[in-house]
Amino acid sequence: MNKEQLLAQSKVARENAYVPYSKFKVGAALLAKDGTVYDGCNIENASYGLTNCAERTAIFKAVSQNVREFAAIAIVADTEGPCAPCGACRQVIAEFCAPTMPVYLTNLKGDVVETTVEQLLPGAFTPEDLL
Ligand SMILES: O=c1ccn([C@H]2C[C@H](O)[C@@H](CO)O2)c(=O)[nH]1
Ligand SMILES: [Zn+2]
């Protein structure tokens with residue numbers, strides 16, 4: 001599974017987005033170190049604040065299967081520039097993914113920015129802070 005394949009998978013995942021309120025579809029594809037890809041989409045709710053973002057859907061799917069070792073994540077939306085994850089997703093990504101793990105941000109036009117977990121959330125509050 002290379003970067004291009006992960007990006008492509010995030011676009012497929014995006015199609016399952018349940019977005020009757022915002023109409024804004026987001027897709028994510030999370031590559032586990034064992035090679036499995038966990039995809040995710042945003043899932044909205046009539047009680048708007050209960051919406052789950054695509055990135056967190058993907059991470060929660062993996063963690064709920066007892067998979068916690070990740071190699072990369074791709075995130076896509078129909079944005080002007082590469083899609084930026086929200087603060088909640090940055091925090092959840094920082095919980096489970098190494099600071100140097102690659103994060104691929106893209107859009108439907110094919111713009112791609114390769115960043116890292118620590119660049120997305122510098123100085124993140126992590127499990128180590130509780131020790
Ligand atoms: O990181 C983000 C930011 C937003 N959304 C979703 C939530 C909502 O359904 C829509 C508009 O905010 O985009 C995500 O899936 N991921
Ligand atoms: Zn989010």
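Does Asn42 count as buried or exposed, and why? Asn42 counts as buried because it has 24 C-beta neighbours inside 10 Å.

This is a predicted model: local features need pLDDT of at least 70, side-chain atom pairs count only at pLDDT 80 or more, and totals for chains, interfaces and linings use all residues. Residues are numbered from 1 along each chain as its sequence is written, while chains are lettered from A and ligands numbered from 1 in the order in which they are written.

**View 1. Asn42 sits in a loop.** Helices (H or I, at least four residues) and strands (E, at least two) are DSSP runs, numbered from the N terminus. Buried means that 20 or more other C-beta atoms lie within 10 Å of a residue's own; exposed means 12 or fewer, and partly exposed is in between, with C-beta atoms placed from the backbone.

**View 2. Asn42 and its contacts.** Leave aside the neighbours within four places in sequence. Asn42 then touches Ala17, Val19, Lys25, Val26, Thr51, Asn52, Cys53 and Ala54. Contact here means C-beta atoms, placed from the backbone, within 7 Å.

**View 3. Asn42 with Glu55.** The two residues are 13 residues apart in sequence. From C-alpha to C-alpha, they are 7.8 Å apart in space.

View 4. The protein has four helices and five strands. Of the 131 residues, 36% count as buried.

Methods
Contact = placed C-beta atoms within 7 Å.
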